[in-house]
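User: Please give me a close look at a single part of this model. Walk through what surrounds it, in short sentences.

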Amino acid sequence: MSFSTVKIETERLVIQPLRKENYDAWYQAYSKRQPSQSPYDDGYIDLTPCTKDWFANLVRRHRHLAEEDKQYIFAIFTKSGRHLGMIDVVVLARANMNWCELGYFIHNQDWRCGYAYESLSALIEQLYPLLNCHRIEAHVSLANTPSRHLLEKIGFQLEVIREQFMFEDGQWIDKAVYVLNLHNNRLE
């Protein structure tokens, strides 16, 4: 299975790489975002530069990152085709580690519907053979309680608090590092 042909389906969702034909659904979802709902939510985003050509280049960049085994970026859609958010898996190291970092977001107009749990669970369960990750980390701001609870529900465990770990909004901030070791998980 190659990255461009990945299509994971759940009861309500389709998780797959963005394709050129997803532009209208993608644009519509971003244009319906509400103002920021929390410090971890970008809220409304200016879509002025986001033309169809811009989007086609984005799709090509995503495919190129996957071909280079650097990052795998997936869109989350309802089965009716409405764009809900994104998931990305960044390869941190290969060789004898197979270590990746997981990131995700759901558009704020679609929060609290279980979409993040459903999509992340399916991606981890079904994509494990393609990504060949032994260890998946998620780096979460300490006060982002909803995201921390989501990761724990999926099976991630808090490993450590890394002080001044990431530079965000002009300052170094602490992050909670959650880990899912796939060799100890239900996936094998």
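Analyst: Strand 3 and strand 4 form a hairpin, with four residues between them. Gly81 sits in the turn and has a positive phi of about 100°. Strands here are DSSP runs of E with at least two residues, and helices are runs of H or I with at least four, both numbered from the N terminus. This is a predicted model, in which local features need pLDDT of at least 70 and side-chain atom pairs count only at pLDDT 80 or more, while totals for chains, interfaces and linings use all residues. Residues are numbered from 1 along each chain as its sequence is written, and side-chain values use heavy atoms, with hydrogens and water left out.

Start with the pairing around strand 3. Two strands pair if DSSP finds at least two bridges between them. Seven bridges join strand 3 to strand 4, and the two run antiparallel. Strand 2 (residues 13–16) is also antiparallel to strand 3, through four bridges. Ala75 shows both partners: Gln16 stands opposite Ala75, and Ala75 stands opposite Met86 in strand 4.

Next, burial. Eight of the eight residues of strand 3 are buried (under 20% relative accessible area; exposed is over 50%, partly exposed in between, with a 1.4 Å probe and protein chains only). Both faces are covered. One side carries Gln71, Ile73, Ala75 and Phe77. The other carries Tyr72, Phe74, Ile76 and Thr78.

Helix 1 (residues 23–31) contributes to the packing. Its buried residues are Tyr23, Ala25, Trp26, Ala29 and Tyr30. They pack against strand 3 (71–78) and strand 4 (83–93), and also against helix 2 (52–67) and strand 5 (99–106).

Leu84 lies in strand 4. Leu84 counts as buried because its relative accessibility is 0%. Setting aside residues up to four places away in sequence, Leu84 touches Ile76, Phe77 and Thr78, along with Leu13, Phe105, Ile106, His107, Asp110 and Tyr115. A contact means heavy atoms within 4.5 Å. Leu84 and Ile106 are 22 residues apart in sequence, yet 5.6 Å apart in space, C-alpha to C-alpha.

Arg33 is found in the loop between helix 1 and helix 2. Arg33 is buried, at a relative accessible area of 8%.
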